[in-house]
Each structure stands twice: as structure tokens, then as C-alpha cells.
Amino acid sequence: MSLNSHLNVLDFTLLSLLRRKFKNFGIILVFTFIVFITGSILFLSYSFKREALLILKGSPELIVQRMSAGRHELIPADISKEILKIPGVSGVEPRYWGYYYDPLVKANYTILASSETLPANNHLLQGRLPGPEDKGVAAVGRGVAKARFLDIGSSISLLSSGGDAMDFDVVGVFETESELLTADLIVLGQPDVVRLFRMPAGMATDLAVSVTNETEAPVIAGKIRYIFPDTRPILRKEIVRTYDAVFGWRSGLILTLFAGALVAFIILAWDKATGLSAEEKKEIGILKAIGWETSDIIEMKFWEGLVISLSSFLLGIILAYIHVYFFGASVFAPALKGWSVIYPDFRLAPFIDPYQIAMLMALTVIPYIASTIIPSWKAAITDPDEVVRG
Amino acid sequence: MDNGIIIRTENLTKYYNKGKANEVLATSGVSVGIRRGDFAILKGPSGSGKTTLLSLLGCMTRPTSGSIMVEGRDISHLPERFLTEIRRSTCGFIFQQFHLIQGMSVLQNVMLPLYPTGADLTKLRKKAEGLLEGLGMLKRRDFPVQGLSGGEQQRTAIARALINDPEIVLADEPTAHLDTALSRDFMNTMKELWEKGKTVIIASHDPIVFENESAGLVVEMRDGAVKNITRK
Amino acid sequence: MRRSTVFGLFVLLCVCCLAALGVTSEIRVSRFLVQSRDLSGITAALKLTDISFSDDARYTRNPSQADIFSAFQDYPGSIEHFPSGSVTPPPDFSSLGAPITVKRR
């Protein structure tokens with residue numbers, strides 16, 4: 001058969017589909033929606049994972065928490081000396097941090113003591129970080145700045161655990177581009193954090209341990225647990241793995257939310273494809289009787305499935321891209337944010353996994369074509385004289 | 001090709017639903033020969049097997065036993081592909097119910113048989129328009145077929161049957177849905193085709209058809225068997 | 001124009017559109033890769049461990065730091081915050097050695 005014969009059959013198929021405009025455009029609409037949702041989830045979760053992995057590359061190799069009565073407790077800072085003695089440990093630094101609920105805007109902040117200064121060429125911080133020993137100054141995340149209308153030079157008042165108000169001058173504001181990391185942060189000097197939370201002297205929230213060779217980190221973690229049985233070491237590898245899983249679960253939630261739509265579509269496709277109507281059967285018979293071969297009929301059905309599923313796939317995936325990377329996944333945002341007051345804009349970098357897209361295409365286009373062709377098979381192989389006999 | 005015979009059947013028997021409870025013997029032991037350029041009528045009451053014989057002659061189905069020779073070639077055991085090929089190249093079929101594809105225009109219906117052959121659609125359209133013109137249907141070419149009258153639907157069906165320049169034109173009970181005037185029109189059309197050298201085979205029990213003066217061969221059928229063959 | 005040509009053009013248009021999006025993706029990703037150095041610089045300087053993604057509970061703000069033994073907090077069935085709590089996975093127990101299994105008689 002020549003190329004023109006295929007084009008002719010495609011022409012006929014399109015003509016035939018246009019006869020039932022309402023039904024077929026309805027199917028394309030629903031199909032596009034499903035691809036749009038699934039594609040958005042894939043884009044969102046893949047980008048989020050890739051971003052998280054890149055951003056968290058700088059995390060401490062090992063965090064040591066102390067557990068007491070099943071809860072995360074403050075840890076004595078002086079055990080860092082013991083930990084430093086373990087071979088392979090190159091440094092131990094206490095971290096001072098905690099959560100602060102601001103009743104004014106009903107938001108949770110993350111309060112953090114600064115320990116190191118940022119390199120001067122870091123473009124994501126306007127102003128500077130407070131020095132480790134600075135008092136009365138703060139750097140805030142964009143989310144906090146927006147919630148409390150802060151800018152460099154203004155001041156923020158926090159209520160300490162002792163009940164007295166503490167005022168901080170804002171000396172730094174993180175740029176919007178760093179929101180995914182810093183939206184709810186308030187960075188203070190270490191003495192201010194200790195005073196704000198009334199942490200007992202010599203206690204820290206946890207310890208950040210740096211190791212000379214990261215592959216040895218699990219061994220070091222085991223040794224720390226052996227020497228201090230009440231601690232819980234957390235490896236950077238585990239942190240990363242947590243983020244690998246987070247979006248799996250979150251996407252699972254969205255999938256659940258849209259499972260209804262999916263099921264509806266499957267039922268629709270099933271009904272449409274398997275229940276070959278008497279009219280369609282008769283048409284196949286007529287085509288055979290006037291000289292179409294079985295293979296022509298199958299080809300027509302193939303085109304029918306392809307036209308609908310490929311159009312839907314292409315439209316759906318384009319819309320999904322626009323939705324996730326130009327509109328910040330606005331359809332999902334409410335579910336993803338939860339009840340948070342401060343949340344980052346999902347201005348994700350469009351990391352794309354061609355494999356995932358190919359999988360999505362294979363899982364939408366091929367089954368649809370199959371479910372269009374297979375039921376018509378039987379009608380296509382019957383003798384055309386059934387039509388003659390009416 | 002013996003004696004200019006275009007289709008010959010030998011001892012043709014066709015069962016439907018063979019081996020099942022609803023088994024039907026539609027034709028049994030039919031042997032006829034139709035010559036090139038014959039105007040043949042298959043005559044008989046309904047249920048006499050003439051439609052089945054017509055389907056067999058038109059390569060729509062294969063016999064249970066016996067053989068059909070079309071242009072000297074036994075087609076009773078050919079695979080479906082070749083049967084379709086023969087059907088497409090030599091037969092034009094006009095159905096009792098017309099069997100036009102609903103929702104498409106007259107022109108599209110007429111062009112339909114040649115779509116999968118890879119025909120150039122512009123040329124095909126010209127040809128279809130020519131055929132419609134000959135049948136007085138050109139002004140209706142863009143009408144959807146469901147809006148046509150019975151006579152117009154039949155003329156569309158005739159044009160469709162002729163689009164592939166068939167050697168043999170077959171019609172099944174063509175006058176069943178037409179009044180006397182339209183039936184005569186139809187027969188005149190068939191006569192014109194016959195005069196142009198086509199072989200015409202019509203299955204009918206309508207006197208307008210089988211008493212037509214052009215009918216050179218009348219095969220009378222009853223209960224699936226040939227009762228009488230008259231050649232004028 | 002033939003209908004098959006129209007369909008072909010539609011598919012071509014979509015593919016071009018996808019290609020254009022692919023190009024914007026490349027551009028934006030490469031821009032992000034430059035920016036990510038600054039981001040991981042912040043992570044390193046502040047010793048951050050988690051993404052500020054959803055701060056409605058401490059185990060969603062810092063999923064990697066959540067205290068895993070607190071009753072009814074993290075696992076099993078961490079449902080006290082919906083929806084984010086219900087979709088935050090249980091912490092990884094692998095660092096604690098052999099997993100705890102309860103044998104049934």
C-alpha cells in the first residue's frame with residue numbers, strides 16, 4: 001500500500017470522527033485532563049526531587065540528636081569533644097534552632113542561630129547574616145518578611161520563652177529565589193537564640209558533625225550511637241532519601257484525589273472502545289462489502305485511537321508544563337501547602353525526565369489504541385455478506 | 001474463458017451457522033453460468049436463496065462446498081485478501097437497504113470504496129462527480145445521505161457501485177423500496193449499463209424486473225435450488 | 001486542505017510547542033544550576049537539613065529531623081495534620097540497625 005492509501009484512510013477516519021463531534025471532543029477533553037493531571041504530578045515531583053537534591057548538597061553530613069523519653073531533647077554541647085575524638089570526624093558544631101509560633105499572623109517561623117558567614121558573592125541574600133555572636137540583629141526569609149512587612153532596617157519583635165519581648169533589627173532578607181529553602185527562617189546570633197528559647201547553658205539543639213570521608217559516615221554514626229546510646233544520628237543520605245520519598249507520597253495524595261476522574265475515564269474509554277455499537281458494526285460491514293480489506297478496517301481503527309489519544313497526550317502534556325512551570329502548579333498548591341501560612345511559591349526549575357514522559361505516553365496512547373482496535377477486530381473479520389442479508 | 005462465461009458455479013452449497021442449532025441451508029447444488037455481457041435475473045420468492053447466491057457471485061462470502069469460477073479462476077478457497085481484491089476490481093454491489101454511511105455526504109459515500117487503494121482524491125472526486133452527473137445527482141453531491149429520498153439514496157448507491165468501473169454489477173432486490181416509476185427508472189439505468197457492456201445480475205421477485213425485455217437470462221430459484229433457467 | 005494534512009499540522013504544531021518548551025526548560029535549568037550553588041551555599045552556611053516546604057507541623061517542616069518515637073506523632077498513622085501530615089512518609093529506620101518486627105503466634 002502506498003503512503004497515499006494510508007493518508008486516505010486517515011482522511012476517512014477524521015471525517016468519520018467529525019460526524020460525532022460532541023462525543024469525540026468530549027473524550028479528548030477528558031483524556032487531556034487526565035494527561036494534564038498525571039503530567040503535572042510527574043513534572044512537579046521530578047523537579048522538586050531534583051531541586052531538593054541539589055539544594056541539600058550542602059547539608060551537614062551527620063546530625064546528632066539526643067532522645068529522651070522518646071522525644072527529641074536538647075543535647076549537651078560538650079559531648080562534641082568526645083565525638084571529635086572518633087577517627088574520621090573532622091569537626092563538630094552545635095546547632096541552635098527551634099520553632100516559633102507567631103500569633104499575630106498565625107504562622108510558624110524557624111529560628112536559627114547563624115554560625116558561618118555567607119560568601120560575599122552569594123546573590124540570594126540582601127544585606128548580611130548576623131554574626132555568630134551578634135546581638136539584636138536578624139536576617140529573615142522572604143515569607144517572614146512578607147508576613148510581617150519587613151525590610152532591611154525595620155525591626156521585628158519576638159516574645160521569648162521568659163515572656164519578655166525581644167526586638168531585632170533586620171540586617172538581611174533572603175531573596176525570593178531562595179524561598180524553597182529560607183521562606184520561614186529567622187536567623188539570629190547564637191546568644192539571642194539561647195535567650196529567646198531560654199535554653200539551659202551548655203545545651204544545643206543538636207550537633208552537626210562533618211566527616212572527612214562521607215562513605216564512612218554510617219560507621220561513625222554507629223560509633224556515636226555506641227558511645228552515646230541516647231542519641232540518634234541522622235545521615236545526609238537519609239535526608240536525601242526522605243525527600244526522594246516525600247513527593248512520592250504527596251503525588252500519591254494527588255493521584256488519590258484524581259483517582260475518581262481517572263476511573264471515570266477508564267469506564268468511559270472501556271465503554272466507548274469495547275461496546276462497539278450496532279451502528280459501528282454495520283459501518284464496518286458496509287466498508288468491507290464495498291471493497292475494504294480487514295487490514296484497512298484495522299488501520300482505520302488504529303488511526304481513530306491514535307488521533308484521539310495522541311491529540312490528548314500532546315495537549316495534556318503541554319498544558320501540564322505550562323501549569324507547573326509557568327503557573328506554579330496552582331491547581332495542586334492547596335493540597336501541597338497544607339495549612340501552612342508561610343509557603344514558598346512553586347517556582348520550580350523545569351527539570352524534565354524524558355523517560356517519564358515516554359512512559360506516560362506509552363501508558364496513555366498505546367492502551368487506548370489497543371482498546372479501540374481489539375473490539376473492532378471481530379466485526380472486521382466477519383464476512384461482508386452479513387450486511388447484504390441485513 | 002469458455003464461451004465468454006464470466007462466472008460459473010458448480011454444485012454450490014452454502015450453510016449458515018453450520019453445526020449449530022440455528023443451521024440454515026441457504027443454497028444447495030446450484031450450478032449456473034453467466035456470460036460476459038449477460039443481463040441476468042435471479043428470480044424467486046423470499047427465502048429461495050437468491051440473495052445468498054448473489055453474495056456468493058459477488059465474492060461477499062465463500063461457499064460451504066462447490067466452486068465458483070470468476071473469469072476462469074476458482075475463488076471458493078481464496079484467502080480473504082484476494083477475495084476482497086476481486087470484489088473491489090470486478091464487482092459493484094447495490095444493496096437492498098442501500099447501506100450508505102450515515103452522516104457523510106453523497107460525494108463522500110460514492111468515493112468511499114477507493115479510499116484504501118491510495119487513489120488520488122482529487123481525481124477520485126472528479127470521477128465520482130461524473131458518475132453522479134450521469135445519474136442526475138450532481139446537485140445533491142454535498143447533501144448528507146440521510147436527508148435523501150429513497151430514489152436518490154439508490155442512485156447514490158449505484159454511483160458508489162460504479163466508482164471502481166466494475167465488470168459485473170450486482171443488485172439485491174433493488175426495487176423493493178421504490179414505486180413503479182422509480183423502479184422503471186432503475187431498470188433503465190441498469191439497461192444503460194448493460195448496453196455499455198457491463199454484466200448485470202439482479203436478484204428480485206418484482207415483475208418489473210424479471211419481465212423486463214432486456215433480461216436475457218432468468219434463473220428461477222426455489223428453496224435454495226435452481227428450479228429453471230431460461231435464456232432468451 | 002486535506003483533513004489528514006490538518007491533523008499532521010496539528011501534531012507538528014504540538015511537537016514544535018513541546019520542543020520550544022524543552023528549550024525553555026534547558027535555559028531555566030541551566031540558570032537554576034548556577035543559582036543552586038548559592039542555594040547550597042546557604043544550606044552549608046546555616047547547616048540546614050530540610051526544604052521549607054510546608055510548615056504546618058514540625059515533622060512536615062523538617063521531615064528528616066522529626067523525632068520518630070513520639071507517640072501518635074510520626075508513625076504509624078501520622079494523620080494529625082491533614083493533608084500534609086498524612087502524606088509525609090514515616091522516617092527512615094535504616095540507621096537504627098535491624099528493623100523491629102513483631103512475631104505473631
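**Core, domains and the A–C contact**

In this predicted model, Ala138(A), Val140(A), Leu170(B) and Ile201(B) touch the most other members of the largest nonpolar core, which holds 178 residues. Such a core is a set of buried Ala, Val, Leu, Ile, Met, Phe, Trp, Tyr and Cys residues joined through C-beta atoms within 7 Å; buried means that 20 or more other C-beta atoms, placed from the backbone, lie within 10 Å of a residue's own. Helix H10 of chain A (residues 294–326) gives the most to this core, with 16 residues; helices are DSSP runs (H or I, at least four residues), numbered from the N terminus. Leaving aside residues up to four places away in sequence, Ile201(B) touches Ile34(B), Ala40(B), Leu42(B), Leu54(B), Leu57(B), Ile168(B) and Leu170(B), contact being counted when C-beta atoms placed from the backbone lie within 7 Å.

Turning to chain C, 51 of its residues are in contact with 78 residues of chain A. H1(C) gives the most to the chain C side, with 24 residues. By class, that side has 22 nonpolar, 18 polar and 11 charged residues. Here Ala, Val, Leu, Ile, Met, Phe, Trp, Tyr, Cys and Pro count as nonpolar, Asp, Glu, Lys and Arg as charged, and the others, Gly among them, as polar.

Chain A itself is assigned domain 1 (3–55 + 243–388) and domain 2 (61–234), with bounds from an automatic or database domain assignment. Their centres, taken over C-alpha atoms, are separated by 48 Å. Seven residues from domain 1 of chain A and 11 residues from domain 2 of chain A make the contact.

Residues are numbered from 1 along each chain as its sequence is written, and chains are lettered from A in the order in which they are written. As the model is predicted, local features need pLDDT of at least 70 and side-chain atom pairs count only at pLDDT 80 or more, while totals for chains, interfaces and linings use all residues.

Terms used: Contact = placed C-beta atoms within 7 Å. Helix = DSSP H or I, 4+ residues; strand = E, 2+ residues; numbered from the N terminus. Buried ≥ 20, exposed ≤ 12 C-beta atoms within 10 Å, placed from the backbone.
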